[in-house]
Amino acid sequence: MRVFTFSLLAGIALALSLQGYGGEALDTAKIEQVTGLKGALNEAEGVFKVTSPRTDVKVSVDGYAMPPFMGLTSWAAFKSGTKVNAMVMGDLVLFQDEVNSVMSVLLDNGVSVTALHNHFFYDDPKVYFMHIGGEGDAEKLATGVRKALDKVKEIRAAAPVPATGFGGKPLQTPSTITAKSIDEILGVKGQAKDGMYKAVIGRTVKMACGCEVGKEMGVNTWAAMAGSDDNAIVDGDFVVQESELQAVLKSLRGSGINIVAIHHHMIEETPKMIFLHYWGKGDAPALAKAVKAALDLTKK
């Protein structure tokens, strides 16, 4: 009788854990169908996870041929929500020439990008990890994951070996960026050095000690340019509140700017800040307009 009661209670608990907003159950078969991946259910946590090992490109780390089991497997985990049907969290294993195309697909399909960084040193080819999240309809979230993985396959089908650069014309040296025109676009006074340009815009946070810190302590958005007005690069860093991250990512990607890292620089600050690093190529005024459009989405 006790065994029966325990089994019944366990079954009820599992059913409740898979039950979504409004009593709708998480459809694990649909998630498998949409993502095209086989999943596994963790009954204790009510989590359904699909996985996709990266077996298409051989990766070595510090001279060791890494099997996918050692950390080269993309995954997405689904769980029923309380205010929405479902939530998803995951981690995609990507090569440098896949990162930005995959990010655009995710952002266009309602999946948030929450971090982008490396997990290894001395990996060949270089591997990046894109952490994702989202809340809403489980099928739509699964569709976003599927489209991202399909984009990876599309890129690798066209070029089996990961690229080693962004491409484009070499920059002229020395640089001859017209600082005045970039100042006018950004609406700030930048610095000029040897034909290069740099602008820094600060924000303010309060640390755990009660200290207020800003631009000179590293809480800043910056943009640096080199090359010529008609063939330039821009690199820099955006500091954004958590609520601003997705909009800024969408704006930069919509302007053709590449995102190369998303992470935090501090702990226990208020409000919580996220930093994203970027790299773009094009004519200098267009690059400056792309930075300004994203900058306008952040709180003053």
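The second largest pocket of this predicted model is lined by 19 residues, and Ser52, Arg54, Leu149, Val152 and Lys153 lie nearest its centre. Here a pocket is an open set of points, on a 1 Å grid over the protein atoms alone, where a 1.4 Å probe fits, with protein on both sides within 12 Å along at least five of seven lines; lining residues have an atom within 4 Å of a point. The volume of the second largest pocket is about 230 Å³, taken as the space filled by probe spheres set on the points, which are joined across faces, edges and corners.

Helix 4 (138-158) contributes to this lining, as do strand 2 (47-53) and strand 6 (86-95), with at least two residues from each. Helix 4 gives the most, with six residues. Helices (H or I, at least four residues) and strands (E, at least two) are DSSP runs, numbered from the N terminus. By class, nine nonpolar, five polar and five charged residues line the second largest pocket; Ala, Val, Leu, Ile, Met, Phe, Trp, Tyr, Cys and Pro count as nonpolar, Asp, Glu, Lys and Arg as charged, and the others, Gly among them, as polar.

Turning to the largest pocket, its space amounts to about 370 Å³. Its lining has 16 residues, with Gln96, Asp97, Asn100, Phe166 and Asn258 nearest the centre. At least two lining residues each come from helix 3 (96-108) and strand 16 (258-263), and helix 3 holds the largest share, six residues. Seven nonpolar, six polar and three charged residues make up this lining.

Residues are numbered from 1 along each chain as its sequence is written. Local features need pLDDT of at least 70, side-chain atom pairs count only at pLDDT 80 or more, and totals for chains, interfaces and linings use all residues, while side-chain values use heavy atoms, with hydrogens and water left out.
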